[in-house]
Amino acid sequence: MTAAPDRPASWQEAFELIRTRGYERRAEPFRLASGQLSHDYIDGKYAVDTGTRLELVSRAVVELAAAHDIEFDAVGGLTMGADPLAHGIAIVTGKAWFSVRKEQKSRGREQWIEGTRLAPGTRVLLVDDVISTGGSTLQAYERVTEAGAVVTGVIPMVDRGDSAARLFAERGVPFVALVTYRDLGIEPVQAVDPAT
């Protein structure tokens, strides 16, 4: 697998790391967050479990954002899938990071978003380790836009299907994955029909 012209120079090394450390084919199917079954398991957090690996993938995401003219002041997403990548990107760029809670904090400031305080107009890059249908990232999108931030792009480390790209295209948000199901040679996760 070689990098496409719009992929950063660091893509090949990041892809090999994700493919060799983060991907495994399982004999027994397991359930995805979307509820679907799959034999293809992707552990994005294990793929970036050291500072060196996290820095490599973070730099590749930053280069991919630049190649697609995605500018941002802060980076984050829904905990905990987005957390390592958000922290890594913040370290390599000096930008702010944030983490969106799954449930509102019940004490203190009772906030949904931890880390930097997003102000109206803050340009935000949403990240995640693995996206299947985009539901988790959509939750993060809704929380940060409620805070007045502007989502300038979405970049997952791995995109397992085509649903998330459509979901964010409908919102006018650029979506580009570092690695796709096509790159890994696996079957795509299908969109979930809310009527079923």
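How many aromatic pairs does a search of the whole structure find? The search finds four. This is a predicted model, in which local features need pLDDT of at least 70 and side-chain atom pairs count only at pLDDT 80 or more, while totals for chains, interfaces and linings use all residues. Residues are numbered from 1 along each chain as its sequence is written, and side-chain values use heavy atoms, with hydrogens and water left out.

## Aromatic pairs

Rings of Phe, Tyr and Trp (its six-membered ring) pair if their centres lie within 6.5 Å; planes under 30 degrees apart count as stacked, over 60 as edge-to-face and the rest as tilted. One of the pairs joins Phe-30 and Tyr-41. Their ring centres are 5.2 Å apart and their planes stand at 80 degrees, so this pair is edge-to-face. Phe-30 belongs to strand E1 (residues 23–31) and Tyr-41 to strand E2 (residues 37–42), so the pair ties together parts that are 11 residues apart in sequence. Strands (E, at least two residues) and helices (H or I, at least four) are DSSP runs, numbered from the N terminus.

Burial is judged by relative accessible area: buried means under 20%, exposed over 50%, and partly exposed in between (1.4 Å probe, protein chains only). Phe-30 is buried at 15%. Tyr-41 is partly exposed at 24%.

Phe-168 and Phe-175 make a stacked pair, because their planes lie at 10 degrees, with the ring centres 6.2 Å apart. Both of these residues are buried. Together with Tyr-141, Phe-168 and Phe-175 form one aromatic cluster.

Arg-26 lies over the face of Tyr-41, at 4.0 Å from the ring centre. Arg-26 also lies over the face of Phe-30, at 5.3 Å from that ring centre.

## Salt bridges

Side chains of opposite charge can pair when their charged atoms come close. Here a salt bridge is a side-chain nitrogen of Lys or Arg within 4 Å of a carboxyl oxygen of Asp or Glu. The structure holds 13 salt bridges. Among them are these:

| Salt bridge | N to O distance |
|---|---|
| Arg-25 and Asp-40 | 3.0 Å |
| Arg-59 and Glu-55 | 3.0 Å |
| Glu-170 and Arg-171 | 3.7 Å |

Is Asp-40 buried or exposed? Asp-40 is buried, at 5% relative accessibility. Arg-25 is exposed, at 54%.

Arg-59 and Glu-55 are both placed in helix H3 (residues 51–67). Being four residues apart, they are separated by about one helical turn. Arg-59 is partly exposed, at 38% relative accessible area. Glu-55 is partly exposed, at 36%.

In the remaining pair of the table, Glu-170 is exposed at 65%, and Arg-171 is partly exposed at 33%. Elsewhere, Arg-21, Asp-49 and Arg-53 are linked in a network of salt bridges.

## Helices H3 and H4

Two packed helices are described by the angle between their axes and the distance between the axes. The axes are lines fitted to C-alpha atoms, for helices over the stretch in contact, and angles run from 0 to 180 degrees between N-to-C directions. The axes of H3 and helix H4 (residues 83–93) come within 8 Å and cross at roughly 75 degrees. H3 and H4 are therefore roughly perpendicular to each other. Angles of 65 to 115 degrees count as roughly perpendicular, under 35 as roughly parallel, over 145 as roughly antiparallel and the rest as oblique.

Contact means heavy atoms within 4.5 Å. From H3, the contact residues include Leu-54, Glu-55, Ser-58, Arg-59 and Val-62. From H4, they include Pro-84, Leu-85, Ile-89 and Thr-93.

Ser-58 sits in helix H3. Its relative accessible area is 0%, so Ser-58 is buried. Which residues does Ser-58 touch, not counting those up to four places away in sequence? Ser-58 touches Leu-85, Gly-88, Ile-89 and Val-92.

On the H4 side, the buried residues are Asp-83, Leu-85, Ala-86, Gly-88, Ile-89 and Ala-90. Just after H4, Gly-94 takes a positive phi of about 80 degrees.

Conventions
A charge sits over a ring if NZ of Lys or CZ of Arg is within 6 Å of the ring centre and within 35 degrees of the ring normal.
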